[in-house]
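Keep the viewer open and follow along.

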Amino acid sequence: MTKQFKENIYEWIDKNEQKAVKLLQRLVQEKSVQGSESAAQAIVVEVCRELGFQIDIWEPNFKELEQNENFISNRKDFMNSPNVVAVMKGSGSGGNSIILNGHIDVVPEGEENQWNEAPYSGVVKEGKIYGRGTTDMKGGNVALLLAMEAIQQCGVILKGDVIFQSVIEEESGGAGSLATILRNYHADAVLIPEPTNMKIFPKQQGSLWFRLKIHGRSAHGGTRYEGVSAIEKSVIVMEHVKKLETMRNSKIKDPLYRNIPIPLPINIGKIAGGNWPSSVPDLVTLEGRIGVGPDETVEAVKAELANKLVSLQKEDSWFIENPVELEWFGARWLPGSIPLDHSFLQILSNNYLNVTKEKPIVEASPWGTDGGLFTNLANIPTVVFGPGVTEVAHYPNEYIEIKKMIQAAKIVASTLVDWCEVE
């Protein structure tokens, strides 16, 4: 009987492909960058109301969130930035519940002249939908909604609840998902359709932003030998940090990282220093990002970088009296993992095989998601799996393949059937 349910669901999804395409176009055409998510969320609410789901809409409470040590934000309030949660209630007679979590916020489009089409056009060409947010991750959200509607329209009643979450702030550290956890939304599993290119990520890397201040001694450029260049010292610091990266990655033996050249990168993404061409610079500031392994703690990684910077004193005596200042700031994503023999992971993998007729690629995520919040704060097993392509997320000419979005919807729908169970 379950097999027949799934076949009916697949058929319905195929027949409603254009409906999904139009919904994604509408969502993409709403520029839901930070602070402007409400119009796109209104579309989500409209769809969920039509499906008769129980809907919860609220602007996260900034004062409540900032009491939590895991709260990160560059904002002062969440005015006009609502979270939306829609629940497809199960019969309640057993089965497992699940949270389907996707973020509605997108990164800015950047220089528009680098786009072949307008970044918020939602143009369809050659089986792809183009626009900011198509792959990261409105396409994944549409796949979730399509899966839920297919189950409903095919008359399948699940035992467990399906809790769809359209959240804000993922791109800035996860305040939207944190707000849902603090609002006591809980389930037996979480699925997040970030752009994995249909790979399954049972382990998610975390990441931290850091700032380093390297001090020198100012002098006239004509007598630069009387000063100490902070720029030259910063080169020593960067090489030292690169050695830490090499050392950390040499210890990784996890087979889920075998296809990733640098599993836990340390990236210096911003450098600033000096204020006059004829002066020896006395300060350079470096800002970067360090990866946190799925089985590491944030505290341990912070300590490792701090200790590495202290050891600079053995390489250059300048750093004894002028130590590098380390500051942790800005965005932070917690790591997370699920055992490889977990039943939810097995169910998802089996349905991937059934739909695509190929074995899934199971890897560890090379970047952070909201998944770490669910595993660390709510103790919910979380898997990241979605139809978008990582290599075009945050890039000009972002797109998603319609075929992959439809496949993802089928995989999610059949996973809901197996995980939540049919009444």
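Predicted model: local features only at pLDDT ≥ 70, side-chain atom pairs only at ≥ 80, totals over all residues.

Start with Ile129, whose bridge partner in strand E16 is Ile400. Strand E5 (residues 128-130) and E16 run antiparallel, joined by 3 bridges.

Two packed helices are described by the angle between their axes and the distance between the axes. For helix H2 (residues 17-29) and helix H13 (residues 402-420), the axes come within 11 Å and cross at roughly 110°. On the H2 side, the contact uses Glu17, Ala20, Val21 and Leu24, which meet Ile402, Met405 and Ile406 of H13. Sort the contact residues by type and you get 6 nonpolar, no polar and 1 charged.

What about the nonpolar core? In soluble globular proteins, nonpolar side chains tend to be buried together. Here the largest nonpolar core has 115 residues, and Ile98, Leu100 and Val237 have the most contacts inside it. H13 supplies the largest share of this core, 12 residues. Apart from this core lies another, of 5 residues, including Leu256, Tyr257, Leu264 and Ala364.

Ile98 leads us to the next stop: its bridge partner in E6 is Val162. Strand E3 (residues 98-103) runs parallel to E6, with 6 bridges joining the two. Strand E2 (residues 83-88) also pairs with E6, but antiparallel and through 5 bridges; there, Val87 stands opposite Ile163. How many residues of strand E6 (residues 162-167) are buried? The count is 6 of 6. In a regular strand the side chains alternate between the two faces of the sheet. Both faces of E6 are covered, with Val162, Phe164 and Ser166 buried on one side and Ile163, Gln165 and Val167 buried on the other.

Finally, go back to Val237. Leaving out residues up to four places away in sequence, Val237 touches Leu212, Ile214, Leu286, Leu309, Leu312, Phe319 and Val324. Helix H7 (residues 230-250) lies across E9, E10 and E11, running at about 10° to E11. Helix H8 (residues 298-310) packs on the sheet as well, touching E9, E11 and E12, and its direction makes about 150° with that of E12. Within the sheet, strand E9 (residues 206-215) and strand E11 (residues 283-292) pair in the antiparallel sense over 10 bridges, one example being Ser207 with its partner Gly291 in E11. The whole thing is an open sheet of 4 strands, ordered E10-E11-E9-E12 with antiparallel pairing. Strand E10 (266-273) and strand E12 (325-333) are the edge strands, each pairing on one side only. On average, neighbouring strands of this sheet are turned by 20° against each other, direction ignored.

Key: Residues numbered from 1 in each chain as written. Heavy atoms only, no water. Axes fitted to C-alpha atoms, helices over the stretch in contact; angles between N-to-C directions. Contact = heavy atoms within 4.5 Å. Nonpolar A, V, L, I, M, F, W, Y, C, P; charged D, E, K, R; others polar. Core = buried A, V, L, I, M, F, W, Y, C linked by side-chain atoms within 4.5 Å. Buried < 20%, exposed > 50% of the residue type's maximum accessible area, 1.4 Å probe, protein only. Pairing = 2+ DSSP bridges.
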